[in-house]
Amino acid sequence: MKRVGLFFLTNLLVVITVSLILNIVLPMFGIRLQNTTGLAIFCGIFGISGAMISLFISRWAAKRAYNIEILPEGDPLQRMVARLAREAGIPVPEVGVYHSPEPNAFATGPSKSSSLVAFSTGLLDQMRDAEVEAVAAHEVSHVANGDMVTMALLTGVANAFVMFFARIVAIGIDSFLSGDDDEGGLGFFGYIIVVMVLESVFMMLAYIPIAAFSRWREYRADEGAARLTSNRSMANALASLKNVRPYGRESAAMALQKISSPKRVSLWATHPSLDDRIARLNAM
């Protein structure tokens, strides 16, 4: 609950900060939010900048959300990740460990030169050395592929479209309910509620292509791990996760910070099924 609460608090602060800045700055340039052009500019800047701010603080937020202990240079796990990073042609990321019984690892950070690869104690305790190395190679491949930046940009664009169309539809509903004398309509609070409902619906639809890209990037990271280690080691690491029971509920954002997902694969799944990933690795 602590890490989920910190995630939502961070995003709330980002939303409030960006909203205040835009409402002050845009009118200085003659941009009015009451027309379509002004609204499009507002939503575009809001969606992209919010996603970029979240990306830039992602490493800092992950350290505090998971209480990650950064390993010193020379630690065996740090040396392993450093070797894989050099083989992948990227700067050596920070390497950390956090206490959790759930076998998991994730990579985060705003760029290849400022990234973090973290492992749970559950994964280190339950996997063999060759499997841990394959998982490390998987996360290093995420960094090498620039997946964090691409996901942030995709999410920012989706947020912009969701905000824009939710408000356009809400304005249309308000105009339809208003009389010829401009009386009636949704009212201030009614407009806010309608926008929130529409944003929830549109975000569910926008999340479908985001989740599809997330599944594709997992396949690509598996392939990268197979090149850095072997397809058998990566397949064995995934196979060891098949019998792991899920540890509590997770939000969509937290699902992205996992090496696999216990949920049934659907249009909104961030990870392919373990069986599909293993089959692809075995076919390499």
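This is a predicted model: local features need pLDDT of at least 70, side-chain atom pairs count only at pLDDT 80 or more; totals for chains, interfaces and linings use all residues.
Helix axes are lines fitted to C-alpha atoms over the stretch in contact, and angles between them run from 0 to 180 degrees.

**Two partners of α9**

Helix α6 spans residues 129-144 and packs against α9 at an angle of about 100°. Angles of 65 to 115 degrees count as roughly perpendicular. Therefore α6 and α9 are roughly perpendicular to each other. From α6, the contact uses Ala130, Glu131, Ala134, Val135 and His138. From α9, Ser233, Met234, Asn236 and Ala237 take part.

Helix α11 covers residues 274-283, and α9 covers residues 231-239. Their axes cross at roughly 165°, so α9 is roughly antiparallel to α11. The crossing of α9 past α11 is left-handed. On the α9 side, the contact residues are Asn231, Arg232, Met234, Ala235, Leu238 and Ala239. They meet Leu274, Arg277, Ile278, Leu281 and Asn282 of α11.

Here are the two contacts, with their residues sorted by class.

| Pair | Axes | Angle | Residue classes in contact |
|---|---|---|---|
| α6 and α9 | 8 Å apart | about 100° | five nonpolar, three polar, one charged |
| α9 and α11 | within 9 Å | roughly 165° | seven nonpolar, two polar, two charged |

**A closer look at Arg277**

Arg277 sits in helix α11. Is Arg277 buried or exposed? Its relative accessibility is 0%, so Arg277 counts as buried. Which side chain does Arg277 join through a polar contact? The partner is Asp222, at 2.8 Å. Arg277 is also one of the α11 residues that meet α9.

Terms used: Residues are numbered from 1 along each chain as its sequence is written. Side-chain values use heavy atoms; hydrogens and water are left out. Helices (H or I, at least four residues) and strands (E, at least two) are DSSP runs, numbered from the N terminus. Angles under 35 degrees count as roughly parallel, over 145 as roughly antiparallel, 65 to 115 as roughly perpendicular and the rest as oblique. A crossing is left-handed if the near helix is turned anticlockwise from the far one by less than a right angle, and right-handed if clockwise. Contact means heavy atoms within 4.5 Å. Ala, Val, Leu, Ile, Met, Phe, Trp, Tyr, Cys and Pro count as nonpolar, Asp, Glu, Lys and Arg as charged, and the others, Gly among them, as polar. Buried means under 20% relative accessible area, exposed over 50%, partly exposed in between (1.4 Å probe, protein chains only). A polar contact is a pair of N or O atoms within 3.5 Å; within protein, one must be able to donate a hydrogen and the other to accept it, and residues adjacent in sequence count only if both atoms are side-chain atoms.
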